[in-house]
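Please open the model in a viewer and keep the selection tool at hand.

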Amino acid sequence: MGTLQDCLHARRSVRNFQDRPVPRDTLQGLAADAVLAPSGSNIQPWEFILVDDPELVGSIVTYSPGIVHAPPCLAVICSDQERALRKGGRLGKEQLALMDISMAAENLMLSAVDRGLGSCAVKSFPPQVIQKLLGLPENIWPELIVTLGYPVSARLRVPPKRPAGEMIHFNGWGEEDCAGLL
Ligand SMILES: Cc1cc2nc3c(=O)[nH]c(=O)nc-3n(C[C@H](O)[C@H](O)[C@H](O)COP(=O)(O)O)c2cc1C
């Protein structure tokens with residue numbers, strides 16, 4: 001794809017995928033890029049369940065209102081709640097783990113763009129059901145699903161975005177902003 005800037009600008013939530021499998025080494029590469037993310041107290045609480053079995057993908061989609069069209073594969077990004085508590089205490093379990101998962105997920109999605117793949121973060125799913133479907137131990141909690149596949153359409157509409165300048169403040173609230181930006 002090109003530079004990080006190219007990937008940042010090209011990433012869109014993709015919800016329609018070609019019926020084309022994604023090679024397993026590509027999926028593994030995505031997860032390997034995800035774990036390069038920073039981690040609070042370096043707990044690294046993340047676990048990645050890569051799902052490319054069509055029947056299992058279908059079952060997950062059936063129970064997940066946030067996924068409308070079945071992707072060829074998906075990553076269920078989980079936190080190890082026991083590890084987060086043991087290494088980071090209450091803060092680790094209640095806050096850092098979810099922050100870490102989010103950072104890893106963005107890495108994964110940018111890496112997907114770089115590899116010509118589309119993705120969509122999905123939070124609308126029943127974690128307990130997904131836990132059962134995947135045979136996860138009690139401490140491995142599904143935090144976020146990222147659907148993955150080759151996009152049907154190469155150009156997707158950019159959803160409404162607040163102008164960056166509106167949200168940027170130098171040296172405190174109400175001080176200099178960047179209204180001219182974007
Ligand atoms: C935490 C989180 C949860 C999301 N959950 C869903 C979801 O359940 N279903 C869905 O279709 N999109 C979901 N999205 C995608 C957002 O709708 C999307 O990122 C947003 O509309 C902006 O579009 P963009 O990603 O193309 O910039 C989620 C995104 C995030 C960050």
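At what angle do helix 2 and helix 4 pack, and how far apart are their axes? This is a predicted model. Select residues 24–34 for helix 2 and residues 81–114 for helix 4: the two pack at an angle of about 135°, and their axes are 7 Å apart. Angles over 145 degrees would count as roughly antiparallel and those from 65 to 115 as roughly perpendicular; helix 2 and helix 4 are therefore oblique to each other. The crossing of helix 2 past helix 4 is right-handed.

Next, display the side chains at this contact. Helix 2 contributes Leu30, Ala31, Asp33 and Ala34, while helix 4 contributes Ala104, Asn107, Leu108, Ser111 and Ala112. Of the residues in this contact, six are nonpolar, two are polar and one is charged.

Four strands make up an open sheet, in the order 1-2-4-3, with antiparallel pairing. Select residues 46–51 (strand 1) and 118–122 (strand 3): these strands stand at the edges with a single partner strand each, so one side of each has no neighbour in the sheet. From one strand to the next, the twist averages 25°.

Within the sheet, select residues 73–80 (strand 2) and residues 140–149 (strand 4). These antiparallel strands are joined by eight bridges. Pick Ser79 and look across to strand 4, where Trp141 stands opposite.

With the sheet still shown, bring the helices back. Helix 2 lies across strand 1 and strand 2, and runs at about 165° to strand 1. Helix 4 lies across strand 1, strand 2, strand 3 and strand 4, at about 160° to strand 2.

Which residues surround the ligand? Select Arg12, Ser13, Arg15, Gly66, Cys120, Ala121, Val122, Lys123, Ser124 and Pro159 to show this shell. Its residues divide into four nonpolar, three polar and three charged.

How values were computed: Residues numbered from 1 in each chain as written. Predicted model: local features only at pLDDT ≥ 70, side-chain atom pairs only at ≥ 80, totals over all residues. Axes fitted to C-alpha atoms, helices over the stretch in contact; angles between N-to-C directions. Parallel < 35°, antiparallel > 145°, perpendicular 65-115°, else oblique. Left-handed = near helix turned anticlockwise from the far one by under 90°. Contact = placed C-beta atoms within 7 Å. Nonpolar A, V, L, I, M, F, W, Y, C, P; charged D, E, K, R; others polar. Near = placed C-beta within 6 Å. Pairing = 2+ DSSP bridges.
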